[in-house]
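The following explanation is intended for a reader who meets this structure for the first time. It considers charged side-chain pairs and then aromatic rings.

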Amino acid sequence: MRIPILKLHDYLLISVQVELDDQTALQFQEDLLNKIHQEGSSGVVIDLTSVEMIDSFIAKVLGDVVEMSNLMGAKVVLTGIQPAVAITLIDMGIMLDEVPTALDLEQGLDKLQQELEG
Amino acid sequence: MQPSIIEMIYSQREEIMKRWEEEVQRVSENEMGRQLPYDKYNETNAEFIHLIIDTLELDQNEAKEKLRFFAERLIHAGWPLSYFTQGMQAFRRVLLETMTSNDSLQSKTVFTTFYEIESWIDGIINQLVDEYTGSWENTLHLQKLALKELSAPLIPVFEKISVMPLIGTIDTERAKLIMESLLEGIIEHRSQVVLIDITGVPVVDTMVAHHIIQASEAVRLVGAECILVGIRPEIAQTIVNLGIDLGKFPTRSTLRKGIETGLELTQRKIVDI
Amino acid sequence: MSVQSNVEVHTEWGIVSARQAGRNLAKELGFSSVDQARITTAISELARNIYLYAEKGEIIIESVERMQSTGRKKGIKITAKDEGPGIKNIRQVMEDGFTTSGGLGAGLPGVKRLMDEFDIDSIAGEGTEITTIKWNS
């Protein structure tokens, strides 16, 4: 299964609508990096509103994606992390410290704009 | 106690135990059977009766200690108080029965009379015990509910800015509720900045600080930002003296200053007109 | 009466079906959405450990009950069983940040924090059994 990646000007938009299994997550990592390379994107918003669970593996993949994208010159914002998912991550001791977040897609785009301009 | 009684108990120990277990079985089938966990039932019975008889042999303090330990464990596992009171009454009945069973008719009459009075009084005792424990449990339940109601609401004050005033002591259970209502509220009001006001929290120790830090981390994950406000001088002192690191998120002394910071963070400010 | 489901884990899909089974039962037992996420995540961690280290094993998900003075308390019990290499140093795997797989090292200590009761039993060379319970408050 592949997660669709949409292009909007300089940005890439991803809305994760499926339950993330390991393979899908890794495939997504690869697809996103290729797309950034191909399009020369400067910002990425990954929306997780429909994701009901993030375990330590998925968290690691997401953290890695952010770091790798930064290396390629694209800022990443994660949006729409659900309260239950956030609490579970905190319980597990996973803070995702280096990862910028926003409430929803709209605010995520605002945040990217700010970070890229400021 | 008269040596003859102790001797009698020892010589008929097995018999007494057997009759006691039957008696308890009979009582518990009527009354408390439905409340008891059956897998441990026989095991606990055996332990209880041994403990009762042990109190004759052991040093008083030691016996008390053993009984306390046993009771604590059963309380924790949720056994009702009536198991103890009725179990003890059953033991007394069995003992008297055993004592008088081989005796003359006269003592039997005494026993019967005694039995009647006893069951009358025991009935009252049992009811009183039930009333008491029932009322304790009820009170406890209500207090828990009251505490839940006390748990902080998230109040939207401006667009994108909300305040959560915390009042009273924060324990782990409350911290969980606070965190949930905080995060749900953020989503509901689309808040970008949340001010957590701890003016009403009497003590901030490492535990409370830990809960607050965790809450602010979770707030960040859902995509908002936390500002801790209402830090009184004595709270600032304890936080530093305990070596708690709150450096990761902004703090302000008062709610007013916090709101100013919140407006700045969302590119707004209040001006005189 | 207790409901029980067993899920074999020997592919990555086993991980997905184990957590789905867990979420369904958690929902049925009336757990809050936060607790549902906690339970599902714990199952995911346990199932992944089986897949990564033992290749094959099973996750057993069942409802449990306990007596309390205020009435019956319901919970969900998860057992993760495998006949893999076992855990040589249990204290080490329960430390935050310890990892042999390149992960975050949050797995087992994380599960312990997500759940209410946690028990680990492992013999090197024979296998591992982890039992964990979450009570519905």
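The paragraphs below treat salt bridges and then aromatic pairs.

This is a predicted model, in which local features need pLDDT of at least 70 and side-chain atom pairs count only at pLDDT 80 or more, while totals for chains, interfaces and linings use all residues. Residues are numbered from 1 along each chain as its sequence is written, chains are lettered from A and ligands numbered from 1 in the order in which they are written, and side-chain values use heavy atoms, with hydrogens and water left out.

Over all chains, the structure holds 18 salt bridges, a salt bridge being a side-chain nitrogen of Lys or Arg within 4 Å of a carboxyl oxygen of Asp or Glu. One of them joins C:Arg48 to A:Asp22, with 2.4 Å between the closest N and O atoms. This pair crosses between chains, since C:Arg48 belongs to helix α2 (residues 33-54) of chain C and A:Asp22 to helix α1 (residues 22-39) of chain A; helices here are DSSP runs of H or I with at least four residues, numbered from the N terminus. Both C:Arg48 and A:Asp22 are buried, a term that means under 20% relative accessible area, whereas exposed means over 50% and partly exposed lies in between (1.4 Å probe, protein chains only).

Within chain B, B:Glu97 and B:Arg19 form a salt bridge whose closest N and O atoms are 2.6 Å apart. B:Glu97 lies in helix α5 (residues 81-101) of chain B and B:Arg19 in helix α2 (residues 13-30) of chain B, so the pair ties together parts 78 residues apart in sequence. B:Glu97 is partly exposed at 28% relative accessible area, and B:Arg19 is partly exposed at 22%. A further salt bridge, at 2.8 Å from N to O, connects B:Glu23 and B:Arg93. B:Glu23 in helix α2 of chain B and B:Arg93 in helix α5 of chain B are 70 residues apart. B:Glu23 counts as buried at 13% relative accessibility, and B:Arg93 is buried at 11%.

A pair of aromatic rings is described by the distance of the centres and the angle of the planes. Rings of Phe, Tyr and Trp (its six-membered ring) pair if their centres lie within 6.5 Å; planes under 30 degrees apart count as stacked, over 60 as edge-to-face and the rest as tilted. By this rule there are six aromatic pairs over all chains. The ring centres of B:Trp20 and B:Phe48 are 5.6 Å apart and their planes stand at 80°, so the pair is edge-to-face.

Note on methods. Helices (H or I, at least four residues) and strands (E, at least two) are DSSP runs, numbered from the N terminus.
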